[in-house]
Amino acid sequence: MVQHPSESWINPDLSVIVPLYNEEESVGPLHEAIVGALDPLGMEYEILFVDDGSKDATFRKASELARRDRRLRVIKFRRNYGQTPAMAAGIDHARGRILITMDGDLQNDPADIPKFLDKINEGNDIVCGWRHKRQDKLITRKIPSVIANWIIGRITGVPIKDNGCSLKAYRADIIKSIPLYSDMHRFIPAMTSMAGTSVAQLKVNHSPRRFGVSKYGISRIYKVIIDLLVIKTLLAFSSRPMHLFATGGLLFMGLGMFTLFLALKDSFRQGSVDFMLASGGLLFLILAFFLVLVGLLCELINKTGSFRAFERLKETVE
Amino acid sequence: MNVSVIPQEVSEKETPLETISVIVPVTERYDDVGEMYREYKEALSQTGRPFEMIYVVEGHFEKASLELKALKETGEKLTLIKHSRTFGEATAIHSGFLHASGEIIMTLPAFHQVDAAELPKLVHSLGDNDMVIARRWPREDSGWNRLQTRVFHSIVRRMAGNICNDLGCSVRIFRRKVLEEINLYGDLHRFLPILSHKQGFRIKEIDLRQSPKENRVRTYEFGTYLRRMIDLLTVFFLIKFTKKPLRFFGLTGSVVLAAGAGITLYLVVSRLAFGVALSDRPLFLVGILFVVLGLQIFAIGLIGEIIIFTHAKDIKEYTVAQIIN
C-alpha cells in the first residue's frame, strides 16, 4: 500500500475501477473498450484494475498493459477477497474527482460511461446502472435478483431497480466517506440515499458473458436479507441506538406484563396461580431488561467509535 | 522493497543472504537449555546464513534464564529477554520479534520436537513462500495422543482448509511481514499458519524427522484439548465472521427463535381452541425460553455489527501484494 502523494500527479477528473477475478481473456478487450470510450471525451482519466487474487494470467496480462499505458494502474491482492474489498481497494487508491466502477467480465459496456458523467455533472451524487435487458440465466440469476431488489426497495424505501449492477458512478468525496466492507457494495445507493444524497438511475447495455464463468450463486438471498437488516438498523439508529433497543424492550415489557396479568387474573378466580404462564411473563420481562442494557452498551460503543460517517455525509451534501 | 546501496559488481547473481532471527520462547516446558542451544546453533551454522538467537524467558523460570546468562558470559552471542511474569507463548514470540533484526524469523521450541539436524532443510525450503511449517514425520506417539491429534486436525481441516497437519509443532520459519501484519496474543501462536493463510500468505508444510529425544510418553490432559478447541472456535469465528457477525449470530438466533415461536404458538393455539391448560404443559416454558434466547443472540449479533461498523474505516479487509504504475 504505497501511496505517492509527493509525486506530481495531475489529479485526474475520472477514475475507472474494475475488479478482476480470473478474467485473463477479458483484460485486453476491456482495456481497449475503456480507452476507446474515454479518449474522445478529452479528459484526464485513470484506470484501476484490481486483481482479486486471480489464479490465471490476469495479473500478468494486466501488468503488460500497464507497462504500455501509464494511465492504467494494477493493484494485486495477495489472495481472493471478494468483490466488495476489491472495489474498496480501488476506491481507496483512486485519485479522480468522479469514480466509475464496473465489472471485469465485459458484460458492462464502457460506451455507457459518458452518459454517467453527464448525470453526475447534472448534480447527482451517485448514478446507478440498470441492466434493463439483462443477459443472464433466468432461474439462477435474474429471478433471485428481482426478488432481492424488491426486498431492498421495500425495506429501504429507495426503489433502485438494479442494486447488483456494478456499473455505477460516484462523486469521490461521497463514496470515500462510506464504510465499505463485507458485501456492502450492493447497498451503496440505498445507504447513501437514505443519508440524503441524490441518486439517479440510467439504463445500460448488458451483453452476455463472453469468457469465463459467473462467480455468483443463489445462496446470496440469505446474506442479502441479513445485510439489509444490518443496514436498516445501522441507518435508522446510527445516532441513537438506544431507541431501537428501548422500543424492543418496551414491547417485551408489555408482553410480559400482559402474560403476568393473564396468570394473575386466573388466580383470582381459581385461587391458584398458573405457574407456567407466570414464569413465561417473567422471562419476557427479563428479555425486556436485557434489551435495554444492550441499548446502553450500544450507546457506549457509539460514543467511542466513529459512527458519524452518515452525518458527515449529510453535511457535505447540503 | 530492499534498496541495496552498494552496487554489486561481481557477476555472481547471488542475492545477499538475509539474516535469520531465531526466537525461542521458554515457558512451562523446556529441556536442557545449554544442550538445545548448542544443537540449534550447530544446525543453523550449516545453512551458511547469518543468524541471531533470541531467547524469551517467561516469568518464573529463573533456572533457564540463569543458564542462558551463563552461556552469554562464556561469550555466546544471544539476546536474552526476560518477562516479569508469564504472559503466554504468543506474547513471548511477539516480544522476541520486537528485538529481531532479521528479514526472516524462525521460531523454535525450547524442548525437543524436531531433530535439529533437519533445520537446514527447513531454511532451504522457504524459497518463494512466506512461511514454511514443519510436520513431525514419521511420528511416534502414544495411541491415545495420535487419536486426539487426528480428531483435532480433521476439525481444523474442516474449518480452515488443508494447510497444516501438525499445529502442535512450533518449528516454523517465515518472513518478517507475517508478524508485522498478524497480531498474536493468548494461545493464538499455535494457529499462526491458519491466520497467515487467511492474510493471503503462501504457506508450505514439510516433513521433518521427529527428535529422538522428544518425550513420547507425554499425554495431554483433557483440559488442554478443551482449551485448544475454544481457541479453535475463536480463530474460526475471527476468520469467517469478523466483518459479518450477524450472519453467524443471525442464523443461530433465528433458528432458536423460530423453534421457540413455533412451540409457543402451538401451545397458545391449543389453549385457545381446545382449552388445554397451559399449566399442564411445561413445554410452554421451553418455548418462551427459546424465544428469549433467540432474541438475545440476535441482539448480541447486532452489537457486533455496530462495533464493526464503527471501526470499518480502520480495518482494511484486503492485503495488497503489489501495485503496478
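Colleague: Which residues does L283(A) touch, leaving out those up to four places away in sequence?
Modeller: In this predicted model, L283(A) touches L285(B), I288(B), L289(B) and V292(B). A contact here needs heavy atoms within 4.5 Å.

Colleague: Where does L283(A) sit?
Modeller: L283(A) is part of helix α10 of chain A.

Colleague: Why is L283(A) called buried?
Modeller: Its relative accessible area is 15%. The cut-off for buried is under 20%. L283(A) therefore counts as buried.

Colleague: How far is L283(A) from S15(A)?
Modeller: Their C-alpha atoms are separated by 56 Å. Along the chain, L283(A) and S15(A) are 268 residues apart.

Colleague: Now chain A. Why is α1(A) called roughly parallel to α2(A)?
Modeller: The axes of α1 (residues 24-38) and α2 (residues 58-68) of chain A come within 8 Å. They cross at roughly 20 degrees. With a limit of under 35 degrees, α1(A) is therefore roughly parallel to α2(A).

Colleague: What is the hand of the crossing of α1(A) and α2(A)?
Modeller: The crossing is right-handed.

Colleague: Which residues of α1(A) and α2(A) meet?
Modeller: From α1(A), E24(A), V27(A), G28(A) and H31(A) take part. From α2(A), the partners are T58(A), K61(A), A62(A) and L65(A). By class, the contact of α1(A) with α2(A) divides into 3 nonpolar, 3 polar and 2 charged residues.

Colleague: In chain B, what makes α5(B) and α8(B) roughly parallel?
Modeller: The axes of α5 (residues 143-160) and α8 (residues 222-241) of chain B cross at roughly 10 degrees. The axes come within 11 Å. Since the limit is under 35 degrees, α5(B) and α8(B) are roughly parallel.

Colleague: Which residues make the contact of α5(B) with α8(B)?
Modeller: Among them are F152(B), I155(B) and V156(B) of α5(B), and M229(B), L232(B) and F236(B) of α8(B). The contact has 8 nonpolar, 3 polar and 2 charged residues.

Colleague: How many disulfides does the structure hold?
Modeller: Over all chains, the structure holds 0 disulfides.

Colleague: How do you know that C164(B) is in no disulfide?
Modeller: The nearest cysteine sulfur belongs to C169(B), and that sulfur is 11 Å away. A disulfide needs sulfur atoms within 2.5 Å. C164(B) is therefore in no disulfide.

Colleague: Are C164(B) and C298(A) buried or exposed?
Modeller: C164(B) has a relative accessible area of 1%, so it is buried. C298(A) has 0%, so it is buried too.

Colleague: What makes the phi of N22(A) worth a look?
Modeller: Phi is near 50 degrees, a positive value in a residue other than glycine. N22(A) is in the loop between β1 (14-20) and α1 of chain A.

Colleague: Why is N22(A) called partly exposed?
Modeller: N22(A) has a relative accessible area of 23%. Partly exposed lies between the buried limit, under 20%, and the exposed limit, over 50%. N22(A) is therefore partly exposed.

Colleague: What about the phi of L106(A)?
Modeller: L106(A) is not a glycine, yet its phi is positive, about 70 degrees. L106(A) is in the loop between β4 (98-101) and α4 (113-121) of chain A. At 11% relative accessibility, against a limit of under 20%, L106(A) counts as buried.

Colleague: Which peptide bond is cis, with omega near -5 degrees?
Modeller: The bond from W137(B) to P138(B). P138(B) lies in the loop between β5 (131-136) and α5 of chain B.

Colleague: And how far apart are I174(A) and D125(A)?
Modeller: They are 49 residues apart in sequence and 7.2 Å apart in space, C-alpha to C-alpha. I174(A) is in helix α6 (residues 172-176) of chain A. With a relative accessible area of 0%, I174(A) is buried.

Terms used:
Residues numbered from 1 in each chain as written. Chains lettered and ligands numbered in written order. Predicted model: local features only at pLDDT ≥ 70, side-chain atom pairs only at ≥ 80, totals over all residues. Heavy atoms only, no water. Axes fitted to C-alpha atoms, helices over the stretch in contact; angles between N-to-C directions. Helix = DSSP H or I, 4+ residues; strand = E, 2+ residues; numbered from the N terminus. Parallel < 35°, antiparallel > 145°, perpendicular 65-115°, else oblique. Left-handed = near helix turned anticlockwise from the far one by under 90°. Nonpolar A, V, L, I, M, F, W, Y, C, P; charged D, E, K, R; others polar. Buried < 20%, exposed > 50% of the residue type's maximum accessible area, 1.4 Å probe, protein only.
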